[in-house]
Amino acid sequence: MPKQLPPLSWFRAFEASARSLSFTLAARELNVTQSAISQHVRALETRLGTNLFERKPRGLALTATGRQLLPYASSAIDGLTKATEIFQPNTYATEISISCTMSFAQLWLTPRLIEFRQLNPQIAINLSSTLWPDDYLINKTDIEIHFGRINQIKTGATVLFPVELAPVCSPSLCPDLNNYDDLWKLPLIETLGAMYSWKQWAERMGQPSPPRPVCSVDSLIMAQSLAETGMGVALLSPRLCHHALAMGRLINLQVEPSPAEDCFYFTTSDHAASKAGVKEFSNWLKELSPWGTH
């Protein structure tokens, strides 16, 4: 007899939770209750005889077996989704898929996407955020936007912009900076796992070590949000937080320009290079960047 598979709803609950690392967000996406998501995931874990998530006080983390299962679940669900789309009318001339980090998507790309949609209303956009470097291998999107060293980017990649870091904060702090001693008197917000810590940044600028940060977060998005509230000074890329700077929610306290060794760049998958929508989006990105192709 053929082996009986767990219900598809269990896999959908697991896959949505794994992408967002949140039962709550998965419930919103699938339009069910958080309890239903939790029960489906627990049922799948029981059937497979292994834990797929580590339940933490502030969210979820995939176990080794969870990360092993995710690409298979994603691929199967994506395949079924595409199969059903065959029988649905398509109102768009083409569809493109884009992957990038959550911080880049929220801070830089999404405020500009409305412009692309207005110029290209016939193109549907599928935007996915990455949590780990190997997510790019799993998602297999048409266009991939990466972060890395300028002198190490892939052949054929297009640089969007170099990343220079600057201290930024809310205008409510009203600082009057003349030197680094004045900067170190302000509360600092540290972004864990970012390109540079405050200490590393100070060393690059040839300055003594800064005081201990008053708050540490694990994403650039949270660092910017806290800086906007007046919590302290965050070390961010002015290009990433351009929208907040332009709206006056943040001010740049740049003591002096920091050297740029890193950049954001994008590549186009071989399978999508000839797609009209991909060409339009690539050209649009290039128009936003004067740095050109490497």
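Q: What makes strands β7 (residues 166–169) and β10 (residues 233–236) a pair?
A: The two strands are joined by 3 bridges and run antiparallel. Pairing requires that DSSP find at least two bridges between two strands, so β7 and β10 pair. The model is predicted: local features need pLDDT of at least 70 and side-chain atom pairs pLDDT 80 or more, while totals for chains, interfaces and linings use all residues. Residues are numbered from 1 along each chain as its sequence is written, and side-chain values use heavy atoms, with hydrogens and water left out.

Q: Why are β9 (215–217) and β11 (251–252) called edge strands?
A: The open sheet of 5 strands has the order β9-β8-β10-β7-β11, with mixed pairing. β9 and β11 each pair on one side only. Both count as strands because a strand is a DSSP run of E with at least two residues, numbered from the N terminus.

Q: What makes β3 (residues 94–101) a mostly covered strand?
A: Of the 8 residues in β3, 6 are buried, where buried means under 20% relative accessible area, exposed over 50% and partly exposed in between, with a 1.4 Å probe and protein chains only.

Q: How do you know which strands β3 pairs with?
A: β3 is joined to β4 (residues 123–130) by 8 bridges and to β5 (residues 143–149) by 2 bridges. In both cases the strands run parallel. I98 has L127 of β4 as its bridge partner, and S99 has E144 of β5.

Q: Which handedness does the β-α-β unit of β3, helix α5 (residues 102–119) and β4 have?
A: This unit is right-handed. The term applies if, with the strands pointing away from the viewer, the path from the first strand over the helix to the second runs clockwise.

Q: Why do the buried residues of helix α9 (residues 220–229) line one face?
A: These residues are L220, I221, A223, Q224 and A227. Seen down the axis of α9, they fall within an arc of 165°, so they line one face of the helix; the arc is that of the directions from the helix axis to the C-beta atoms. Their cover includes α5, β7, β8 (188–191), β9, β10 and α10 (242–246). After α9 comes G230, with a positive phi near 95°.

Definitions and conventions: Helix = DSSP H or I, 4+ residues; strand = E, 2+ residues; numbered from the N terminus. Contact = heavy atoms within 4.5 Å.
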